[in-house]
Amino acid sequence: MAYTRKITAKYILSGLFVLLFAIITHESGAKGKYFSFFFKSLTHNADTTRPAGEKKDTSIADTTHNDSIKKIAIDTLNISKDSLDAPVTYKAEDSAVLLIPTRQFYLYGKANTVFKGNDLTANTIKYDQATQLITAYGGIDTSNNPLSKPTIKEPGGAESTSDSIKFNTKTLRALTKNTYYKEGDMFIYAQAVKKINANTEYAYRGRFTTCNLDTPHYAFITRRMKIVNNKIAVTGPTMPSFEGVPIPIVLPFGIFPLETGRHSGFLPPSFVNNYSLGLGLEGLGYYKVLNDNWDITTKANIYTYGGWNLDIKPDYFKRYAYRGTLDISIQKTKSLNTSGLLTEEFTKNSSFFITWNHSSDQRARPGTSFSASVRAGSTKYNKYMPDNAFRNYDNQLASSITYGKTWDQGKYILNIAANHNQNNSLGLINIQAPTISFTASTIYPFQKKDQVGPTKWYQKLGISYSAT
């Protein structure tokens, strides 16, 4: 019996020793693969002792083999549906009032808000969080004059001033009253403007013009219009007006380009009343973009007595090369005779005038230059210019065109020029063309390149040349 106990104790000690050795080698990684089957079978045997129907708890096994995986509780943030989806910057000169029960916010005195690039300035601005509606309106000073009318600047560059503005921050829809709207070079006035999205507006009872006066010299009046920002404005039946007086000429529709930047298009005229020339339209023309370096502007003036003027003006420019403007004007004058001599009822005259300015960049062609400054024409052209006293008494004209060339780092210089001057009061015109000058700097033909010893007298002999 004692022997059996000794054998059993011996086996128990051996088993504990083997188990301890397996655990150590498994944790250290040394020869752990030899005992992987042992641990798997041990785990499997342990699972077989679980009662039937009980689910396996893998949390210990998962954490044993994937210590880096941890369960993290993530807090959720509930955002109110009526919150703004973009930040708003605001300021006011007077005060800001927040009404918590009604969720309304007021800004008083030269208030300003910026939301999604829309810059709104007004005397009073109100924000209702429940409806997400911004309302802006102006005020009056002590003399009952308008004060700080609502003005909104949109990201595309459009700007409008109104009596009142209602703007929905969620849908970006807006409604304005008595609005002055500026889009590019076009000025638009309308009794009501409804903005349906970020790029489209509808206006009621408005006018189009390029004149920025409250009562423009000319305008096109219409009942309904549609405006697409930075593209086009389309109207229904429209009629022109001059100095606020409608002209009974109805056009079936109107199309007005609102493109920004450089593009071709018609130039609107201005209505004038001249005692000598009669009623007229001035500045009627067309601007044409020829290419990236050239464009041309054509304008005409037409008067009821029969006189007219045509002006053609090309402009050209190429970076680091040249820049210039040419202006050719043809004038056919028929003005009322006011001299007191009743030989003829009208005074007639035909004349022309040329203006040219050109300059070249020497970086394009080093050593070569060309420039022109020309003011020349008929001696009576300035005399019959309407409503321009400075031009009427400008009797001295001068022009100059020059070309220069330099060789060998300035040793040889050639200049060619043409000059002109005229006296309109005397009718004298003088032209000097061409004027040529050539200069060669002094050279020393007997001087050695590598001088040794004192300079001889003949080595100081030099030759230069100049001719005109």
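**Close-up 1. Ser162 and its polar contact with Thr179.** In this predicted model, the side chains of Ser162 and Thr179 make a polar contact at 2.9 Å (a pair of N or O atoms within 3.5 Å; within protein, one must be able to donate a hydrogen and the other to accept it, and residues adjacent in sequence count only if both atoms are side-chain atoms). Ser162 sits in the loop that joins strand S9 (159-161) to strand S10 (164-168); strands, E in DSSP, are runs of at least two residues, numbered from the N terminus. Ser162 counts as buried because its relative accessibility is 1% (buried means under 20% relative accessible area, exposed over 50%, partly exposed in between, with a 1.4 Å probe and protein chains only). Leaving out residues up to four places away in sequence, Ser162 touches Lys149, Pro150, Thr176, Lys177, Asn178 and Thr179; contact means heavy atoms within 4.5 Å.

Close-up 2. Two cavities of 30 Å³ or more are found in a search of the whole structure. On a 1 Å grid over the protein atoms alone, a cavity is a set of points where a 1.4 Å probe fits but cannot get out, a pocket is an open set with protein on both sides within 12 Å along at least five of seven lines, and lining residues have an atom within 4 Å of a point. Grid points are joined across faces, edges and corners, and a volume is the space filled by probe spheres set on the points. The largest cavity holds about 140 Å³ of space. Its lining has 13 residues, and Glu154, Ser160, Ala174, Thr176 and Lys195 are the closest to its centre. S10, strand S11 (174-183) and strand S12 (186-195) are the elements that give two or more residues to this lining, and S11 has the largest share, four residues. By class, the lining of the largest cavity has six nonpolar, four polar and three charged residues (nonpolar: Ala, Val, Leu, Ile, Met, Phe, Trp, Tyr, Cys and Pro; charged: Asp, Glu, Lys and Arg; polar: the others, Gly among them).

**Close-up 3. The second largest cavity.** This cavity has about 50 Å³ of space. Its lining is made by Thr113, Phe115, Asn118, Leu120, Ile134, Ile152 and Phe167. At least two lining residues each come from strand S3 (104-115) and strand S4 (118-128). Five residues of the lining are nonpolar, two are polar and none is charged.

**Close-up 4. The largest pocket.** The volume of the largest pocket is about 940 Å³. Among its 36 lining residues, Met186, Pro257, Phe266, Leu267 and Pro268 are the closest to its centre. Strands that each supply at least two lining residues include S13 (200-209), S14 (218-228) and S21 (278-289). The lining of the pocket divides into 21 nonpolar, eleven polar and four charged residues.

**Close-up 5. Leu290 in its loop.** Leu290 is located between S21 and strand S22 (294-303). Apart from neighbours within four places in sequence, Leu290 is in contact with Asp295 and Ile296.

**Model and conventions.** The mean pLDDT of the protein chain is 80, and 80% of its residues reach 70 or more; pLDDT is the predictor's confidence in each residue, from 0 to 100. Residues are numbered from 1 along each chain as its sequence is written, and side-chain values use heavy atoms, without hydrogens and water. Because the model is predicted, local features need pLDDT of at least 70 and side-chain atom pairs count only at pLDDT 80 or more, while totals for chains, interfaces and linings use all residues.
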